[in-house]
Amino acid sequence: QVQLVESGGGLVQAGGSLRLSCAASGGTFSNYAMGWFRQAPEKEREFVARIRWSSSGTNYADSVKGRFTISRDNAKNTVYLQMNSLKPEDTAVYYCGAVWSVACSSSSCDEAATYRYWGQGTQVTVSS
């Protein structure tokens with residue numbers, strides 16, 4: 001059983017930056033693909049970014065490409081999401097998810113339904 005705890009959310013002005021962290025415990029972290037997803041009020045959870053084993057296994061939603069960067073530190077069992085040039089439309093609860101890397105393909109790794117473990121979420125609010 002993998003436990004995930006997100007942190008780093010908050011209130012920021014448009015154009016600002018935040019770095020989210022997701023600390024994992026209870027499994028061999030390097031075996032898991034990690035994803036960030038977000039959910040705004042009355043909207044479905046949507047893909048933001050994911051990383052499989054290293055930076056060569058990353059993918060981003062078009063809406064965040066060039067602004068967000070996902071990375072992982074396997075020694076610290078932590079995945080990060082660096083968010084720059086934030087926009088009001090980035091406002092949402094951000095969740096990290098984990099799934100065995102071998103259990104997801106390059107396309108299914110971008111789908112929320114693929115992920116087995118989830119954190120509790122962290123609120124990001126971007127004011128205009």
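**View 1. Contacts of R50 in the predicted model.** Leaving aside neighbours within four places in sequence, R50 is in contact (heavy atoms within 4.5 Å) with M34, G35, G57, T58, N59, I70, S106, C109, D110 and Y115. The structure is a predicted model, in which local features need pLDDT of at least 70 and side-chain atom pairs count only at pLDDT 80 or more, while totals for chains, interfaces and linings use all residues. Residues are numbered from 1 along each chain as its sequence is written, and side-chain values use heavy atoms, with hydrogens and water left out. R50 lies in strand β5, residues 46-51; strands (E, at least two residues) are DSSP runs, numbered from the N terminus.

**View 2. The side chain of R50.** R50 counts as buried because its relative accessibility is 5%; buried means under 20% relative accessible area, exposed over 50%, and partly exposed in between (1.4 Å probe, protein chains only). The R50 side chain makes a polar contact with the side chain of D110 at 2.7 Å. A polar contact is a pair of N or O atoms within 3.5 Å; within protein, one must be able to donate a hydrogen and the other to accept it, and residues adjacent in sequence count only if both atoms are side-chain atoms. The backbone oxygen of G57 is also reached by the side chain of R50, at 2.8 Å.

View 3. Y80 is part of strand β8, residues 78-83. With 13% relative accessibility, Y80 counts as buried. Of the 6 residues in β8, 5 are buried, and the strand is mostly covered. Y80 is in contact with R19, L20, S21, W36, T69, I70, S71 and D73, leaving aside its neighbours within four places in sequence. The C-alpha atoms of Y80 and I70 are separated by 5.6 Å, although the two residues are 10 apart along the chain.

**View 4. The strands paired with β8.** Two strands pair if DSSP finds at least two bridges between them. Strand β3 (residues 18-25) pairs with β8 in the antiparallel sense over 6 bridges, and R19 has Q82 as its bridge partner in β8. Strand β7 (residues 68-73) also runs antiparallel to β8, joined by 6 bridges. Here T69 stands opposite Q82. β7 and β8 form a hairpin with 4 residues between them, and N77 in the turn has a positive phi of about 55°.

**View 5. W100 in its strand.** W100 belongs to strand β9, residues 92-100. At 41% relative accessibility, W100 counts as partly exposed.
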